[in-house]
Amino acid sequence: RVYLDWAASSPPDPEILDLQRRVAEDMFANPSSLHTMGRKAQEALHQAREKAALSLGTTTERIYFTSGATESNNIVFTSLLLRRRDGHVVTSAIEHSSAWEPALLLKRLGYEVTSVRPRSDGILTPEDVVEAVRPDTLLVSVMLVNNETGAIQPVREIAEAVRERAGRRVHIHSDVVQAVGKIPVDLEALGVDSASVSMHKFRGPRGVGILYLARQIEVLYAGGGQEWGMRPGTENLPGIVAGSEALVRAVRRREEGAEQASRLMGRLIEGLCEMKGVQILPEERLTVPERYSPFILTVSFPPVPGEVIQRVLNDAGFAVSTGSACASHKGKGRRVLDAMGIPEEVSFSSIRISIGPDTTEDDIEEFLRYARKELPLLMKVAR
Ligand code: PLP
């Protein structure tokens, strides 16, 4: 099988799995326990935090381990519920559902939410975001790399512009899940108040993530005070240790991996463009490829429904997805592509292809060979 769904989850690194198992066996004591075994677990937790902090360009006291990016995003959004119920939130219209749905939750509970649409290239402008900021805005959330189009958002410029307008009053959050290990991520340089990371996107374990917080916030959780109260609960030490090591490796190999991905993505796009009627989304991707992650591509085969393409490819041994894996539970259409102004008949026929450091030239050639042989007929019949 050819796995082209790395943005949904990546195959675990065998050495990372082994490390996770060893920690589970050898360091099962509770890191909060005061005996020697507990202290040893506490020390391993500290070392993992140091590794994670170093890899993300920040310091240990700003790293909080969570159960994944969904939880990290939720902690930030729901923290507003402890403040007031009449504030205002600005979010991009292209956020992953784990940041988008919490914004809708706040809306249901009395907050006003403004969602800022990207331009047709899938990228937000700092001007558009700042324009949405009001005197009662409490939170601005804009992801760094979109998980469907790969569009890189100018988060640093957005943060600067929002600060200039509103100072420290506004909390600026960024979901950097699809950026870590793929494009340079220096959290301090990004200038945000918080950020979310997920370990299973770069060959680490599932169910482990990071919430970066430049300063602590009030959270809806109450418990044993672990993670300085930001995420109480006995720490998932095997996941945290293995995930932090996966993070170190992903960041160390980033440049090499991105170069290879750019080459493969270039070839993939070139091959797809040779097929009549196929549309790369957004089309700006062809003229300014440097503004997109080379690991993610959305492509449309009108008028065949994306689900049909996905199924046909699956039967032939290729794993791709229709948009975000998380959105596939909801049957909610294509919110991200809609926000970019892509006509429904085009977005309806799209799939997402995402690659990783283990994707080979052969994988891409095999995919292109199959796509060029089988999909044009499908497109003709559907017309
Ligand atoms: N944010 C983005 C951009 C994602 O692509 C994902 C992937 O599922 C998530 C958040 C959720 O991460 P997790 O699976 O760790 O909850």
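A: Where the two domains meet, 23 residues of domain 1 are in contact with 27 residues of domain 2; contact here means that the C-beta atoms, placed from the backbone, lie within 7 Å. On the domain 1 side, the elements that give two or more residues are α9 (254-273), β10 (296-300) and α11 (335-339). β10 gives the most, with three residues. By class, that side of domain 1 has 13 nonpolar, six polar and four charged residues. For the classes, Ala, Val, Leu, Ile, Met, Phe, Trp, Tyr, Cys and Pro are nonpolar, Asp, Glu, Lys and Arg are charged, and the others, Gly among them, are polar.

Keep in mind that this is a predicted model: local features need pLDDT of at least 70, and side-chain atom pairs count only at pLDDT 80 or more, while totals for chains, interfaces and linings use all residues. Residues are numbered from 1 along each chain as its sequence is written.

And what are the two domains? Domain 1 takes in 2-9 + 254-382, and domain 2 covers 14-252, with bounds that come from an automatic or database domain assignment. Taken over C-alpha atoms, their centres are 27 Å apart.

Now let's stay with β10. Helices (H or I, at least four residues) and strands (E, at least two) are DSSP runs, numbered from the N terminus. β10 belongs to an open sheet of three strands, in the order β9-β10-β12, with antiparallel pairing; strands pair if DSSP finds at least two bridges between them. At the edges stand β9 (279-281) and β12 (350-354), each with a single partner strand, so one side of each has no neighbour in the sheet. From one strand to the next, the twist averages 35°. β10 and β12 are joined antiparallel over five bridges, and I296 sits opposite S354 in β12.

α9 comes back here too: this helix lies across β9, β10 and β12, and runs at about 5° to β10. For that angle, axes are lines fitted to C-alpha atoms, for helices over the stretch in contact, and angles run from 0 to 180 degrees between N-to-C directions.

One last stop is the ligand. There, 13 residues surround the ligand, and the closest are G68, A69, T70, H96 and S198, where a residue counts if its C-beta atom, placed from the backbone, lies within 6 Å. This shell has four nonpolar, eight polar and one charged residues. S198 also stands opposite G209 in β8.
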